[in-house]
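This briefing is intended for a reader who has the sequence and the coordinates at hand. Please consult the structure shown below alongside the notes that follow it.

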Amino acid sequence: MEFEIKPLASALGAEIIGLDMSQPIDDDTQARLRQAWLKHLVLLFRGQQLTPEQMIAFSRRFAEPHTHTNYEAELRHPDHAELLLVKSRHVAGRDVRFGEQWHSDMSFTTRPALASVLYARSMPETGGDTVWANMYMAYETLSEPLRRFLDTLEVVHDLNNGTTHRVRPTAMIEASRRRNPPVRQPAVRIHPETGRKALFVNEWACPQFIGMTREESQPILEMLFRHSTQPEFQFRQKWKRDDLLIWDNRCTIHLALKDYTDFSSRELMRTSLVGEPSGVLLTEQEYHGVPA
Ligand code: SIN
């Protein structure tokens, strides 16, 4: 099956033109799509008409979807646990939107997402874009001594670190922490399909390095958060209804922009695909910054 690949930014992102993802895709086409995805990290398919089942089937062509038991039930599609409903919620007097800080999906688990898929159902008139950053570039553009130092480090990934999560009532945070205990992950990971190294830290989940105090960790982490999200490393998606997009969480981070006020106007469906095992659960001692 023929399709065109149109790059959308110099750092990452490409549009696939000419494929209807509600239809079966032959193995050769799927293999070429996967190569395009490994090269461009984010693939966009415009104007797709998919049922929830077809969105799950599209996702399965890349890997098995998570069932999202780590999220509150109200965020899951009532008939398909694989589908997360990405829309704002009213929590503790505040409108909380999904993905308000830079992150990589499920990085706070020992099966971080290999990929995620978003399918746009409704969008505000303006705003509500999503931005991705290329974490290969983030790693490769650091100085050699810093790369060597980071290669040896592990970093805490904690779902409940993010500002969105900290505003919730204490009981909700505690329940979430029981479902999602913090994990330690390598600060740099080797992508299992491309063999390239990618930085694996993000501002939502990462409070500190293992074996270092927060005071020692934070200036380094803040520098890495700034460095990895510089505009030259980014692709920005302006959503239209029926856009279908898949990205590689192993070498990107992303952020949903909060620049819209009609909260009910933005709704997408998401799958996250189960990645390779990575990281281990933290001990309480490690979490409090005592050298392991
Ligand atoms: C997400 O963080 O997975 C959702 C991104 C978005 O809402 O644009």
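The notes below are grouped by topic, beginning with the ligand surroundings.

The model is predicted. Residue D105 belongs to the surroundings of the ligand, and the side chain of D105 also makes a polar contact with the side chain of R270. The largest nonpolar core has 53 residues, and the count of disulfides is zero.

**Ligand surroundings**

- The residues around the ligand are V86, G99, H103, D105, L118, T130, H254, A256, R266 and R270.
- For T130, a polar side-chain atom lies 2.5 Å from an oxygen atom of the ligand.
- For R270, an N or O atom in the side chain is 2.7 Å from an oxygen atom of the ligand.
- For H103, an N or O atom in the side chain is 2.9 Å from an oxygen atom of the ligand.

- D105 is placed in the loop between β6 (94-96) and β7 (113-122).
- D105 counts as buried because its relative accessibility is 2%, and buried means under 20%.
- The polar contact between the side chains of D105 and R270 has a distance of 3.2 Å; R270 in turn has a side-chain N or O atom 2.7 Å from a ligand oxygen.
- Once neighbours within four places in sequence are left aside, D105 is in contact with P112, A113, S116, W247, N249, H254, R270 and S272.
- Of these contact partners of D105, H254 and R270 are also listed among the residues around the ligand.

- The backbone oxygen of M106 lies 2.9 Å from a polar atom of the T109 side chain.
- M106 is not a glycine, yet it has a positive phi of about 65°.
- M106 counts as buried at 2% relative accessibility.
- T109, at 16% relative accessibility, counts as buried because the limit for that class is under 20%.

**D242, a further residue with positive phi**

- D242 has a phi near 80°, a positive value in a residue other than glycine.
- The place of D242 is in the loop between β13 (234-237) and β14 (244-248).
- With a relative accessible area of 10%, D242 is buried.

**Strand pairing around β10**

- Strand β10 (residues 183-186) pairs with strand β9 (residues 154-157) in the antiparallel sense, over four bridges.
- In this pairing, H157 stands opposite V183 in β10.
- Strand β10 also pairs with strand β17 (residues 280-281), again in the antiparallel sense, over two bridges.
- Here R184 stands opposite V280 in β17.

**Nonpolar cores**

- Of the 53 residues in the largest nonpolar core, L150, L199, V201 and F209 touch the most other members.
- Helix α3 (residues 135-140) gives the most to this core, with four residues.
- Apart from this core lies another, of 28 residues, among them A14, W37, L50 and I56.
- L199, leaving aside its neighbours within four places in sequence, is in contact with M135, A138, Y139, L150, A187, V188, L224 and S228.
- One of these partners of L199 is L150, which is likewise named with the residues that touch the most other members of the core.

- C206 is in no disulfide, and the nearest cysteine sulfur to it belongs to C251.
- C206 is buried, with a relative accessible area of 4%.
- C251 counts as buried at 0% relative accessibility.

- M172 is found in helix α6 (residues 170-179).
- At 22% relative accessibility, M172 counts as partly exposed.
- M172 and P231 are separated by 59 residues in sequence, and their C-alpha atoms are 35 Å apart in space.

Notes. Residues numbered from 1 in each chain as written. Predicted model: local features only at pLDDT ≥ 70, side-chain atom pairs only at ≥ 80, totals over all residues. Heavy atoms only, no water. Buried < 20%, exposed > 50% of the residue type's maximum accessible area, 1.4 Å probe, protein only. Polar contact = N/O pair within 3.5 Å; in protein donor to acceptor, adjacent residues only side chain to side chain. Contact = heavy atoms within 4.5 Å. Pairing = 2+ DSSP bridges. Core = buried A, V, L, I, M, F, W, Y, C linked by side-chain atoms within 4.5 Å. Disulfide = S-S within 2.5 Å. Near = heavy atom within 4 Å.
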